Amino acid sequence: MNRIWKRVAWLAGVGATAMAMPALADPIATVDRNGSMVAVEPYAPNIVRVTIALDRDHAGGKPGYGITGAADAAGWTHSTSAAGDIFASSALTLTVDAKPWPKAPSQMERYFAPSLPPVSVSINTPDGRTIAMTGWSLAPHEVSGEQTFLTGANFTADQDEHFYGLGQNQEGALDLKGRTIDCSHWYDAPAGEQVCVPVLVSSKNYAIVWDNPSATSVSPGMHGQTRFQSKVGERVSFFVITGNSANDLYAGYARLTGKTPLPPKAAFGLIQSKARYESQKELMDVADGYRSRGYPLDVMVLDWFYWTRMGQIDIDRTYFPDPKGMNQQLHDRGLHSVISVWPRFERESRYFDMLAAKGWLMKDKNGNPVDGLPVRSDRAGALIDSTNPDARAWFWNTTRENIISQGFDYLWLDETEPDLVPDGYQYSIGSGDRYHNVFPYLHTLGSAEGSARDRPDFRNMILCRAAYLGTQANGCLFWSSDVNSTWEALRRQVPSGLNMTASGIAYWSSDTGGWQWPSGPKAKHAPLVDPAGAKSTSPDYPDYPELFVRWYQYNSFTPTLRIHGQRPGSAAIWDYGTAAEPILAAWTRLRYSLLPYIYPLARQTYETGAPFMRALWMDFPNDPAVSDLKNEYMFGPAFLVAPITEQGQTSRRVYLPGGTDWYDWWTNQKHAGGQWIDAASPIDKMPLFVRAGSIVPLGQQVLSTATRQSLSEIRVFPGRNATARLYDDDGTTNAYKGKGGKSATLSWDDATHRLTASGALPTGQSAQSLVKVVGR
């Protein structure tokens, strides 16, 4: 029996004995290429799924977790020709190339002949682009006692092509071309936690969504090819999304995996946290400290170890004697609360035995709960098996009854990688190796569905540490995990966040100042921030207040602004020294003044799927200088942000993309695009530039988003015609999904220098009375 048929027979045996066959999908057609089955399943004119397997049922299987969109073949046709099977829509043509029975192989070919009947697929767009899958692979091996396959596919890549996405990788790269990315969740990754969202976006305006949740390696554009290979599987399954712009791709991703909900308005204000506030009094003292100083604040966070032990899902009344009263006091001050709830259960906790008896904990090969990890001295409990719908429903119900009932608004679902690595263990749906990356999606799904059912009028959000396909639809706000408190870590945040948002995960940020205890190498330059009076730092880290200031400036221009980390003191903005406090206060006020600019961007993300923290390649695709520019980005359509990530730096080189002029936010000086400039960056300034032809609404100062915010001005940066949307709603309910909220479109006519509004402004103010034209 030759090698082809040996593998076919072996696969058939595995399918009969070890695997439950997936439910069938509804492909437009499944074609046979000499034993390789190729299913083609359209989802929209510009979205198509291709599945390849040796077994017809596997080829026809439904897509995996996170894909919630429905197949839709409307407008598609299927025909055959000498070239192969041709599937066509108005947006693309997919050809499964014909594969005549091969000639008799030569002696050399017999030795090196592939074991699988070859398959090649080409996708062509009307403007002449081609995306070609040139080969696929199934290599048998054993993983944790399961007979399975390494499964993969190769795609062609152009020499001038660049690649982005694949989740969060903190090794410091933006353009992924020529690199090999380990697309698997790994808390202990040396550069900082890595998170797999298997969405690869090309500068040629297409995206590949890889439909396999096992650990996957991806090598984009290496030696003219892009290679995917997953650790476990019996098929190749992927989606291709095409478009004329980056935004078209994110609309396609939202169609496949679900909309990104509009977070509550409080999510865009300052979120104050620390690892950890040890008592109710300490937490309330921080909240009152903001109010007594007149500093804006929206959310207080209660992190871990408020419980009596891991897995009790309770609140230690010794230190938090009246959590309901505490939350009422926060609400009375216009604040919201977030509380961290972990998925881990110590053996001594009250629920462990019940969960073990029901089989609702992750198990080892003998069926016993896995208790802790043999790394980092981690022995703290078993992991709830959130792949089991009953287990995740119980987790939400218990959290609601024990925690949310005490007045807490939002959950922080920590350890969503999960930190208890599933490889070698068993979930209810299969092995942890097969489903290595799905936990963040399913664990957060339970709380998202529970909140929608039990609090239907309440706009939910979840702080989440990891993501997978579709996790954004659960209302998650992501952050880069427990990163170091160093300048190097800050530098790595910028490209890490840009690739996360490029993966369709719009809400990403980082712990301001880093999470780990402040400890870094000796400063090369005299600190720009005098550390005198700093409490939330370490005495041997005199430049930490400077680092914190620069990190705070950066996070003021990320989707969310949150202070968090291990450090002494309160971690509030007055605890980084008397020199740092006024700078941090000024940036907090700037953030709040920009809420009328930011909140409509969030509404637009809900409607379109497109992120508003954007690497420059998204908005300037024809400028080759920006393809790997990893330390600048756009924040909405107006702002170019150039973070300061070097200690002692008081100026930096900034590239201004071509095709437009740019205004310095601080001085209003106008610069031509397509050039590098030296931008001043004294410690109280971070380089910010505004694209000519932008409209930036600014709000009056408020202490929180609970106060209705009027506009203070509408600032116009002339240079071309422009439009901007104003949007506002109650900020707390789900009415925005229907007819709730008010909006108006502002239009700037550059020839007449006149601003008009499409209707009444959401604030009820007159647009004309608020206009301020820069340069006039």
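The model is a predicted one, in which local features need pLDDT of at least 70 and side-chain atom pairs count only at pLDDT 80 or more, while totals for chains, interfaces and linings use all residues. Residues are numbered from 1 along each chain as its sequence is written, and side-chain values use heavy atoms, with hydrogens and water left out.

- Strand β38 (residues 711-717) is mostly covered, with 6 of its 7 residues buried, that is, under 20% relative accessible area, as against over 50% for exposed and in between for partly exposed (1.4 Å probe, protein chains only).
- Strand β37 (residues 694-699) runs antiparallel to β38 and is joined to it by 6 bridges, with leucine 711 in β38 as the bridge partner of glycine 699.
- Strand β42 (residues 771-773), by contrast, runs parallel to β38 and is joined to it by 3 bridges; here lysine 772 in β42 is the bridge partner of arginine 715.
- A further open sheet has 3 strands in the order β39-β40-β41, with antiparallel pairing.
- β39 (722-728) and β41 (754-757) stand at the edges of that sheet with a single partner strand each, so one side of each is left without a neighbour in the sheet.
- Strand β40 (residues 742-749) pairs with β41 in the antiparallel sense over 4 bridges, and tryptophan 748 stands opposite leucine 755 in β41.

**Packing of helices α11 and α12**

- The axes of helix α11 (residues 544-555) and helix α12 (residues 580-593) come within 10 Å and cross at roughly 5°.
- The two helices α11 and α12 are therefore roughly parallel to each other, a term for angles under 35 degrees, with over 145 counting as roughly antiparallel, 65 to 115 as roughly perpendicular and the rest as oblique.
- The contact (heavy atoms within 4.5 Å) involves Phe548, Val549, Tyr552, Gln553 and Asn555 of α11 together with Ala580, Ile583, Leu584, Trp587, Thr588 and Arg591 of α12.

**An aromatic pair**

- Phenylalanine 612 and phenylalanine 635 form an edge-to-face aromatic pair, at 5.7 Å centre to centre and with 65° between the planes; rings of Phe, Tyr and Trp (its six-membered ring) pair if their centres lie within 6.5 Å, and planes under 30 degrees apart count as stacked, over 60 as edge-to-face and the rest as tilted.
- The pair links distant parts of the chain, 23 residues apart, with phenylalanine 612 in the loop between α13 (595-608) and β29 (613-614) and phenylalanine 635 in strand β30 (residues 633-635).
- Both phenylalanine 612 and phenylalanine 635 are buried.

**Backbone features in loops**

- Most residues other than glycine have a negative phi, and most peptide bonds are trans.
- A cis peptide bond joins alanine 275 and arginine 276, with omega about 10°, and arginine 276 lies in the loop between β17 (270-272) and α5 (280-293).
- Another cis peptide bond joins glutamate 417 and proline 418, with omega about 5°, and proline 418 is in the loop between β22 (410-413) and β23 (426-427).
- Asparagine 34, in the loop between β1 and β2, has a positive phi near 55° although it is a residue other than glycine, and at 26% relative accessibility asparagine 34 counts as partly exposed.
- Alanine 571, in the loop between β28 (561-563) and α12, has a positive phi of about 70°, and at 0% relative accessibility alanine 571 counts as buried.

Key. Axes fitted to C-alpha atoms, helices over the stretch in contact; angles between N-to-C directions. Pairing = 2+ DSSP bridges.
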